[in-house]
Amino acid sequence: MRIRPLSVLACAALIPLASPGAAAAQTAYPVKNATLTKNALYGAGALPTTTCAEKKVRANDRVSAKAYLDGIVECLDATWQQHLTGAGLPFKKIRVKHVTKTPKKWCGFITGKSNSQAYYCGNNNTLMIQLGRSWLSEPHDLWLAYVASSMYGMHVQNQSGISAAYDKLSYRSTAEDMEQTRRLNLQAECLGGAFLKSVWPLDGRHSRDWQQLLGLMDGDGWSGKTSSIKAWLRAGYATGDPGSCNTWVASSTKVA
């Protein structure tokens, strides 16, 4: 399995009305795998519009935060099961594993040292979450919902064959490797944005909650620049359609 470097989720952002890949692509490292560029995921239309009740979460209360995340994941399972099966793609529910301390190695890669972390393992369809001070001290924004929905985007990539196709991509340089990985990670962000749109507005939430979430985004070389993360989140949120999340045909500048 190809290792997927990922910045530990700790900061986040949001919204343009057109897909960042809408313009004619000028790609330094074109991707020619049809599973990536023409996946059935893109042609099934917008995600079904549903409601998702956020459970109350209390500051510095790991129990209520776990229940909150588990509730969001239930909504994600229901939404993506309908979409993936409608697109003729397989579906398995994600497994959620809450831990008090992340192991140093998990699913073939070395983990980080942050007090709050989330990782997805495609080998066993498992999302591992460590809830610490940084995520528990002020849990009333959309951050936890963002964590769940964007990490679930990786599960969607796994179910639709995108992750396996990424694993098989060849690359001739570190720069090409990093660009391919950014395409993968930015697509997961976009799919997370599409889900949030499908359940928006969450009860009691307003546009300022969304804007606050955008302000938390923070990029890096493997996940993409902050502006790129925001752009792809916005693309997914603008339409609620996974078809807006085809990072594989976007120009190199859109996935920088």
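1. Ground rules. This is a predicted model, with local features needing pLDDT of at least 70, side-chain atom pairs counting only at pLDDT 80 or more, and totals for chains, interfaces and linings using all residues. Residues are numbered from 1 along each chain as its sequence is written, and side-chain values use heavy atoms, with hydrogens and water left out.

2. Overall make-up. The protein has eight helices and five strands, taken as DSSP runs numbered from the N terminus (helices H or I, at least four residues; strands E, at least two). Along the sequence the pattern reads α-α-β-β-β-β-β-α-α-α-α-α-α. Of the 256 residues, 53% count as buried (buried is under 20% relative accessible area, exposed over 50%, partly exposed in between, with a 1.4 Å probe and protein chains only). Take the contacts between residues at least 6 apart in sequence: 76% of them join residues at least 24 apart, where contact means heavy atoms within 4.5 Å.

3. The sheet. Three strands make an open sheet, ordered β1-β5-β4 with mixed pairing; strands pair if DSSP finds at least two bridges between them. β1 (95-99) and β4 (117-121) are the edge strands, each pairing on one side only. Neighbouring strands are turned by 20° against each other on average, direction ignored (axes are lines fitted to C-alpha atoms, for helices over the stretch in contact, and angles run from 0 to 180 degrees between N-to-C directions).

4. β4 up close. Five bridges join β4 to β5 (residues 126-130), and the two run antiparallel. Gln117 has Gln130 as its bridge partner, while Ala118 stands opposite Ile129. In a regular strand the side chains alternate between the two faces of the sheet. Here Gln117, Tyr119 and Cys121 point one way from β4, Ala118 and Tyr120 the other way, and all are buried.

5. Helices on the sheet. α2 (residues 62-86) packs on the sheet and touches β1 and β5, with its direction at about 165° to that of β1. α4 (residues 143-159) lies across β4 and β5, running at about 15° to β4. The axes of α2 and α4 come within 10 Å and cross at roughly 35°. Residues meeting there include Tyr68, Ile72 and Trp80 from α2, and Ala148, Tyr152 and Val156 from α4.

6. α4 itself. How far apart are the end C-alpha atoms of α4? They are 24 Å apart, which agrees with the 24 Å its 17 residues should span at 1.5 Å a residue (the expected span is 1.5 Å times one less than the number of residues). α4 is mostly covered, with 16 of its 17 residues buried. Just after α4, Gly161 takes a positive phi of about 90°.

7. Backbone spots to look at. Most residues other than glycine have a negative phi, and most peptide bonds are trans. Asn60, in the loop between α1 (34-37) and α2, has a positive phi of about 60° and is exposed, at 56% relative accessible area. Asn125 also has a positive phi, near 55°; Asn125 belongs to the hairpin of β4 and β5, which has four residues between the strands, and counts as buried at 13% relative accessibility. A cis peptide bond joins Trp200 and Pro201, with omega about 0°. Pro201 sits in the loop between α6 (174-198) and α7 (207-214).
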